[in-house]
Every structure is written in C-alpha cells, then in structure tokens.
Amino acid sequence: MATRNRNWKWIIIFLLPIAAMYIAFFIYPFIFVFISSLMKWNGISPMEFVGFGNYAKMFGATTFQISVRNNLIWAASLGFLQVGLATIVAFLLARRPRFWKGLRTVYFVPKVISGVAIAMLWKAVYNAEYGALNAVLSLITGQEWSLNWLGEFHTALAAIIAQEVLYIGYFMIIILAGVMSIPTSYYEAAEIDGASVWQQETLITLPVVWGIVVTAMTLAMAYGLRHFEATFLMTGGGPGHSTSTLALMMYDKIGARKLGEASTLGTILVVVGFLVIVTLNNTLGRKSLTGEDQ
Amino acid sequence: MNILKTVAGKTIKWVFLLFFFAVAVLPLVWLFLTSFKTEAEFISYPLSMPAAWQFQNYIDAVNVAKMHILFMNSVVIASFATLLNLLITSMAAFVVSREIFFLRNSISNVIVAGVLMPIVAFMVPYLTLIRTLGLYDTRMALVLTYAAINIPISFFLIKSFMISIPKDLEDAATIDGCSFSQRYTKVVLPLSRSGLVTAGTLTFIWSWNEFIYALLLTSSSKVRTIQLGISFFTTQFRSNYPAMYAAIVLAMIPSVLVYVFFHDKIISGLTAGAVKG
C-alpha cells in the first residue's frame, strides 16, 4: 500500500485537512443533493421518499420550463456571443494597435469589481426615470425615452444579459495570451505570400488558439447555466417569472421550505452542466496546428 | 492587401474597440459623478455634472449602510478563508508534487475536477452542513465554505508551481537533517511564494465578491459582508439615490485597489488555469 513510501505517516497528515474539506464540500454535497432530490423535505421534519415525483413536478411546472429556456439563452449568449466578441477583440489587440495595453487593462477592470456592484450599477443605468440609458437615448434621438428596461416583458431578459455579455475582459485576456504566443514571423511570412488579414486570422491564429477558445466557451456556458446574481438583484426573476433561472428557482424553493424540490433542481443543474461540458469538448474538440485531434 | 490598414478597416476596428471601452468605462464614470450630486440634481437630469461636489453623500453612505461593519466582515472572512485555503492546498500540493504514493494521481485529478462542479447546485447540502455544524449565521460558516470552494483552483495553481521546484534542494536539506515537515516549511514553501500569492489573490478576490452563499448562510447584519450589504441598499437608502451610489462606489474601491497592486498575479493565475485546459 502506501507504506512503500516511508514517509506515509506524514503524507496522510498533510492530506487529511484537504480530504476533510473536499469530502465535506464536494463529495458529500454531490451525493446528498441527488438523494434529497428524491425526497419531500422542509428542512426540519424527517425526509419523505417520493422517488422521481419531484422531477415530474418540475418538468411540468411553467416556471421550470421558463427557467430552463432562460438558462439555455444565457448559456448561448455567454458561450457564443460573449466569447465570440472576446475572441475578435483579442485578435485585434494582438496586433498591438495604439494604446492596446491600456485598452486591455480597461476591458478587465469591470471583471474585478463584484458582480453585485455591477448589477446595481446597471440597475441604476436602466432606471426608467433617472437612468443614464434613457437619458442618452433621449439625447441622441431627440425623443423622450422612459422605458422601464427591467420591468417590461420584452426587454428585461435582454437587459440583464447585455450587462454581462458586453464585459468581455475575462475571456479576452485569456485568449489574448494565447494569440500573443504565436511568433510574428508566421504572419510576416504569410503577408509576404499575399495572405489577407482574414486568411491569416482563420488559418494561423484560430487553429493555434482553438483549444483555448473552446475552453472559454465551455466555461462561459457553464456560467450561463448557473446564472443567479444579476437576475436576483435586478428583477428577482420578474416581471412575472420571465427572467427566472434554475438557480433562482432553487433559491426560492429553499425559501419556501421545499428542500427536496430545490435539490431536484440542483441535481438537474449538475447533470446538465456535465452534459454540456462533455458534448462541447467532444464535438468541437481540440485540434492542433496540423489539424489532428488532441 | 491588409484590410486593417485601409481607412474603412481602421474605422470599423476602432469603432469596435471604443464601443467596448465605452461600455466598460462610461457607466462607472456616470455612477461616480452621480454619487456627488444632490437628490434634487439627481431627479432633474441624469446626465448633468454636479454643481457642487457633495462629499456629504459619502458620509451618509457610511452611516446609513454601516459600511465599516460590512467592510470589516468582508476583510475578516476573505482573509481567513484565503489563509485556510492556502494552508491546506499547499500542504496537499507539497505531498502530491514530491512524494510517490498509492493513488497519488487519482487524488490529484479528483481534486482538480472540482473546478467543473456547479457550486450553486449545492445550496441544500451546504445549508444542511452549516446548520448541522451549528455555524449558521456566523462568519466561520463563510470562512470554511469559501476556503473549501477554492480548493480545486488553488491546488491546481500551487501544484503546478511546486512541480517546477527542483528536488535537489530538499535532498540536500534532508541530508543536513531536515525533517519532513521542515522540508515543507523551510524549503518548499518559501520557494513557492509566487504561486501562493497568485492562488491567494484569486481566492481573496473570489471570497470578497461572493454573494450567493453569503446570502444563504447568514442572515443578521452583524456578520453581513459588503456584497450582501449592497443588496440591501435600495431599501436602506430609499430615495436618496446619490448616497446609495456613493456606497456602491465605496464598495468597488477595494476590488480596484487589489487589481492595481496584483493585476499581474491575477492575470497569470487566470491564464494558467484556462490555457492548460
């Protein structure tokens, strides 16, 4: 066993704390969330086994269906739109235009500020009477804008998504690091051969950083599936339940003392998250410079 | 022909770059300026400059929101969570990067796999765990939770760092009589300082910005963190928007300061995780 290494006593001592914490906060919850999803439970009285009853109830509930739809919209928005924009900006900055270092810093700063502060900031911007957005639009179009961006059914979801998608700093930095590792000689050679910018970016840059881009897309989609904060703070899921997400629904279930149903949503989150990651990595995969699968 | 060097190409490029610049900067600038207005100015026109700079708003912000308590709680919780996290992950990383033992690689892979876990799905188990430990509504609840959640990423970063430290130094130390734990404290740990700072910075920032579990695991204002506190501003400040905006600006300052001092560590930590894949 481990006794082959004569330091085994120390090894165990050094691993004990992390093992304890990891089991308590990762392994136990992973098992517990699944088991409690099969129960009816208010948190105080004993659990009551209901099999897949919670799941049936969830799949039939309108709020659930709306939440799933919203989470998918979030995942697609962050995974494709945000990462796509971040990639374009990274490709542009990698050619080192004027002020590129300053731009890089500026793009990243909002990401260091907490999501809570950003959400409150945009709540202020979207304010119907006193917000900056309506004021700017009024100025530009000459008409009086007083749209309640977060309160109207057809704008609320887009408004919340916008304030997250447009902050591309995080993924941009990661992809930029990848792009800048490509030797400039490749591009010089290509330019001499008459390659256009489009050809250079798609045939040199993209294949090299493709792995990073896929990782970014996977991460972004995972974030989209877990979305909670901004919606909680800006609309609470409203108007109606139109901006609700799975995590938000989960939180509400806990407040309503329906812990079994909350766990059901949690389990669905874990499973769907896992499926998205696996599917993405298998379909888009990672191709090296020569086009082989890695 | 290089399309980016043409007038049309250049214009589009800069419109693009400046658009994202505007989105990143202008709302923050607007918030900052508005926080110095009077309530009357605020109501009359959102895009005006304040006639006189109302520093009183900032004083009101601290008083109404009890910013000093919020701030202290966030500092205490984030600091202790980071220290605990660094301690246990560096101990494990030390052992995994240096010793060969049964299941070494499996343990390492399992820990790092934790990065993919949607922590938000664990609301019910975490709530139950904290309640069972009798820690509901305590700072300790968040210290433990935050330290634990950041284990995978810290372990990954510190292990990657420690692997690149040559073993010869420890072999020499062992010959000189160093014990196992002394190899850790006197040789490897000091050499891992850069990796520790990177992991620590990321953990600290994450803990500082965390909201969901602060919301779930605490309730009284005595242990409330800044982020949780911000969510109460609307009810606390009611119609005094400028003061509320001042409070939000104050809450943002620590994050910006940390970025100014640690931005290279932050970025290297983030890129290390993602580029490796």
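Here are some questions and answers on how terms apply to this two-chain predicted model.

Because the model is predicted, local features need pLDDT of at least 70 and side-chain atom pairs count only at pLDDT 80 or more, while totals for chains, interfaces and linings use all residues. Residues are numbered from 1 along each chain as its sequence is written, and chains are lettered from A in the order in which they are written.

Q: Why is L202(B) called buried?
A: A residue is buried if 20 or more other C-beta atoms, placed from the backbone, lie within 10 Å of its own, exposed if 12 or fewer, and partly exposed in between. L202(B) has 22 other C-beta atoms within 10 Å, so it is buried. You will find L202(B) in helix α11 (residues 193–209) of chain B.

Q: What makes a residue a contact of L202(B), and which ones are in contact with it beyond its neighbours within four places in sequence?
A: Two residues are in contact if their C-beta atoms, placed from the backbone, lie within 7 Å. Leaving those sequence neighbours aside, L202(B) is in contact with I153(B), I266(B) and G269(B). As for V223(B), it is 21 residues from L202(B) in sequence, and their C-alpha atoms are 23 Å apart in space.

Q: How do you know that chain B is more spread out than a compact globule?
A: The globule rule is 2.2 Å times the number of residues to the power 0.38, and the radius of gyration is taken over C-alpha atoms. For the 277 residues of chain B the rule gives 19 Å; the radius of gyration is 24 Å, well over that, so the chain is more spread out. Its C-alpha trace spans about 75 × 70 × 35 Å along the principal axes. Chain B has 15 helices and zero strands, and buried residues make up 44% of it.

Q: What does the globule rule give for chain A?
A: A compact globule of 294 residues would have a radius of gyration near 19 Å, but chain A has 24 Å. Chain A has 13 helices and two strands, and 46% of its residues count as buried.

Q: What makes a set of residues a nonpolar core, and which residues have the most contacts inside the largest one?
A: The set consists of buried Ala, Val, Leu, Ile, Met, Phe, Trp, Tyr and Cys residues joined through C-beta atoms within 7 Å. The largest such core has 165 residues, and I175(A) and I248(B) have the most contacts inside it. Its largest share, 14 residues, comes from α15(B). Not counting residues up to four places away in sequence, I248(B) touches A117(A), M120(A), L121(A), L31(B) and I230(B).

Terms used
Helices (H or I, at least four residues) and strands (E, at least two) are DSSP runs, numbered from the N terminus.
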